[in-house]
Amino acid sequence: MLITILNILILFVAPFILLGILKKTKAFWAGRKGVNILQPLWDFVRLMKKDTVYSKTTSWVFKFMPIISFSSIAFASLFVPLANGKAILDIPFGFIVFAYILGLGKFFSIISALDTGSSFEGMGASREACFSTIVEPAFFIMMASACALSQNYSFESLKTILAHAGIYGYLIIILSALTLFIMLLVESCRVPVDDPTTHLELTMIHEVMILDNSGSDLGFITWGAGIKMFLFEALIANLIIPQGMSDYATMIMFLAIVILLSIIIGTVESALARFRMTHVFEFIFIMTLTALLILALVTYRIYGN
């Protein structure tokens, strides 16, 4: 029970701290002091105190989108192994529920952007839908390969790759971590795919979709985005953490890995500029390449001589 409570606490609080670490890392590489690590939390509190403004053009879709988006991310988190390496809801094929529950939230985000009647937000929604279409097959190829290798049909299969893959295990883990890391950058709208700090409509993707959101609605959207980033970091951490460790040792290693990943994301954003739109697709297709390499390795491991 205590571990479950700690998992829930980490799930809802850690994203603010990780976003603060990310901002601090970017400030370090820019030669600045940067904001306090808890600044994202104070920004969220400030947004929750503000009134929400709705355009006359929008309908109930726009008004309900923030809570639906946040709820879908919170529900999807129940299927992801968290700090102790175990999911709150560990069911067969939970990764499929995870993907499509997140897809439900994204669907409402897209139609909410269209609901505003803004051509700029419609442009961002179109790009968001296109990127998700490319990311989804690669994710399922990777997960199906891990499930076939371990005969475990949940996210737990990621933890058993090394035990079942023999000499190919380390290479499969590296390729899987790269696949999930690119998915993290795409789904969390980070550089080099998108820039969450830009204000140029023609180059924006996710941020242009929420230009009309304000107050507590914007607060829930920001919190949900932080949780989503944390979930993908959690998947990478559980891919790396070896089996057989105690719950508390696993939790300490888990927190160390997600903090390191936030620092890496901040470093990537400091070292790279946002790609041109034509090159973004090429970058995302790296996920497909690495997923197919994983499938090839797993197939050879199972059926090879």
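Mentor: Start with Arg190, which has a relative accessibility of 9% and therefore counts as buried, the limit being under 20%. Keep in mind that the model is predicted. The salt-bridge partner of Arg190 is Glu269, with 2.6 Å between the closest N and O atoms. Arg190 belongs to the loop between α7 and α8 (206-209), while Glu269 is in helix α10 (residues 247-271), so the bridge links distant parts of the chain, 79 residues apart. Glu269 is buried as well, at a relative accessible area of 7%.

Salt bridges that share partners also join Lys106, Glu128, Glu187 and Lys228 into one network. One of its links is the salt bridge between Lys106 and Glu128, whose closest N and O atoms are 3.6 Å apart.

Another link is the salt bridge of Glu187 with Lys228, at 3.7 Å from N to O. Because Glu187 lies in helix α7 (residues 169-187) and Lys228 in helix α9 (residues 215-240), this pair ties together parts 41 residues apart in sequence. Glu187 and Lys228 are both buried.

As for the total, the count comes to six salt bridges, among them the pairs Lys106 with Glu128, Glu187 with Lys228 and Glu269 with Arg190.

Conventions: Residues numbered from 1 in each chain as written. Predicted model: local features only at pLDDT ≥ 70, side-chain atom pairs only at ≥ 80, totals over all residues. Heavy atoms only, no water. Salt bridge = Lys/Arg side-chain N within 4 Å of Asp/Glu carboxyl O. Helix = DSSP H or I, 4+ residues; strand = E, 2+ residues; numbered from the N terminus. Buried < 20%, exposed > 50% of the residue type's maximum accessible area, 1.4 Å probe, protein only.
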